[in-house]
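Hello,

Here is the structure I promised to hand over. Please look through it first; my notes follow below.

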Amino acid sequence: MKKNILVGQSGGPTAVINASLYGIIKEAAAHSEQIGSVYGMINGIEGFLSGHIMDLSKELSDEDLELLRLTPAAYLGSCRYKLPENLDASVYTLLFEKFEQLNIGAVFYIGGNDSMDTADKLSRWAAHNNKEISFIGVPKTIDNDIYGTDMTFGFYSAVNIASDAIDCIHTTASSHNRVFIVEVMGHKVGWLTLNAGMAGGADIILLPEIPYDIDKVIEKIEDRDKKGCRFTIIAVAEGAISREDAALTKKDYKKKMEKYPFPSVSYEVAAQIQEKTGREVRVTVPGHMQRGGSPCPYDRVFASRLGSEAGKLILDNQYGFMVGYKNREIVRVPLEDVAGKLKTVDPDATIVQEAKLLGICFGD
Ligand code: F6P
């Protein structure tokens with residue numbers, strides 16, 4: 001008997017998230033002898049739990065589908081919902097009852113780290129309870145922090161926007177002899193800031209993986225000044241941390257953050273530079289703009305490839321995998337090797353060394 005499939009999108013959207021949804025639907029349609037309907041969760045697993053679903057096979061015309069491929073954001077809507085660690089929790093039984101009511105054979109979950117964690121937990125629950133439903137993760141995040149894949153889609157589109165922001169700041173920074181800080185997203189990792197900072201021509205890049213010393217940052221600004229460069233642009237990752245803070249215990253850091261007087265780390269860096277040098281400092285935060293706009297060609301192709309490869313997993317009866325990208329090849333990575341891990345920037349990576357050779361300061 002034919003089984004149906006279910007797709008959900010979760011976490012922060014990207015400019016390109018729907019291309020993978022398109023890939024999955026197309027792959028399913030091409031194998032209609034094995035696959036029945038394609039259902040979509042409205043607002044991820046959280047919406048699904050409340051009964052919000054749609055039948056994508058019936059409700060989307062071929063034309064809608066073609067347009068979907070090029071439409072940014074999460075067509076199905078998203079959620080930030082973490083399943084409990086305890087697999088005995090009643091929510092799992094409830095979810096599987098719902099999967100069975102819809103005769104679901106495979107669930108695709110498109111999202112970031114928390115989404116891979118969701119897919120992994122559901123996959124483990126299915127294995128422990130002898131349920132023949134496969135769970136497949138599709139890695140989407142502008143942060144590019146998912147373990148087991150060299151790349152996530154949405155990343156390069158976000159790099160474009162953040163580098164454009166840094167590029168544009170050059171005009172006013174150079175006219176007013178100011179120090180400018182551009183805060184870049186990325187959650188706890190620095191991939192986006194590192195790439196956007198290098199592409200946009202930042203003079204200083206501060207990453208969570210390389211705790212900064214504010215005196216080194218100031219040294220660089222003054223050194224540029226001496227050399228006749230009248231402005232400095234600093235790309236600061238939203239998760240950047242000072243050496244002093246990185247040395248605190250988790251408890252002490254949490255305590256400090258309870259009384260933190262700044263909206264984010266960039267404003268703290270700005271205040272310190274202003275206080276120690278008397279220079280004018282401005283902060284720009286492109287924020288959620290980094291998740292929108294027009295997806296870049298690389299991301300469009302990559303997301304479509306991952307979506308269609310994800311579709312193939314069901315035909316090959318492969319359970320519990322994330323589709324990923326390693327050494328220029330699309331690969332299948334066991335979800336258990338991905339969940340709960342973070343892909344961070346190695347401070348000794350060649351890209352960091354190369355950036356340093358180009359004169360970029362990391363505040364270390
Ligand atoms: O995970 C993507 C991301 O954009 C991070 O870079 C950022 O920290 C977070 O989402 C912001 O989340 P929210 O949309 O909940 O503000």
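The second largest pocket has a lining of 6 nonpolar, 4 polar and 2 charged residues. (Ala, Val, Leu, Ile, Met, Phe, Trp, Tyr, Cys and Pro count as nonpolar, Asp, Glu, Lys and Arg as charged, and the others, Gly among them, as polar.) This is a predicted model: local features need pLDDT of at least 70, side-chain atom pairs count only at pLDDT 80 or more, and totals for chains, interfaces and linings use all residues. Residues are numbered from 1 along each chain as its sequence is written, and side-chain values use heavy atoms, without hydrogens and water.

The volume of that second pocket is about 270 Å³. (A volume is the space filled by probe spheres set on grid points, joined across faces, edges and corners. On a 1 Å grid over the protein atoms alone, a pocket is an open set of points where a 1.4 Å probe fits, with protein on both sides within 12 Å along at least five of seven lines; lining residues have an atom within 4 Å of a point.) Its lining includes Lys 3, Gln 34, Glu 132 and Tyr 319.

The largest pocket holds about 590 Å³ of space. Of its 29 lining residues, Asn 113, Asp 114, Asp 143, Asp 145 and His 187 are the closest to its centre. The lining of the largest pocket counts 5 nonpolar, 10 polar and 14 charged residues.

Now the helix pair. Leu 194, Asn 195 and Met 198 in H8 meet Ile 351, Val 352 and Ala 355 in H14 (contact means heavy atoms within 4.5 Å; helices are DSSP runs of H or I, at least four residues, numbered from the N terminus). That contact has 5 nonpolar residues, 1 polar and no charged.

Best wishes

Terms used:
Helices (H or I, at least four residues) and strands (E, at least two) are DSSP runs, numbered from the N terminus.
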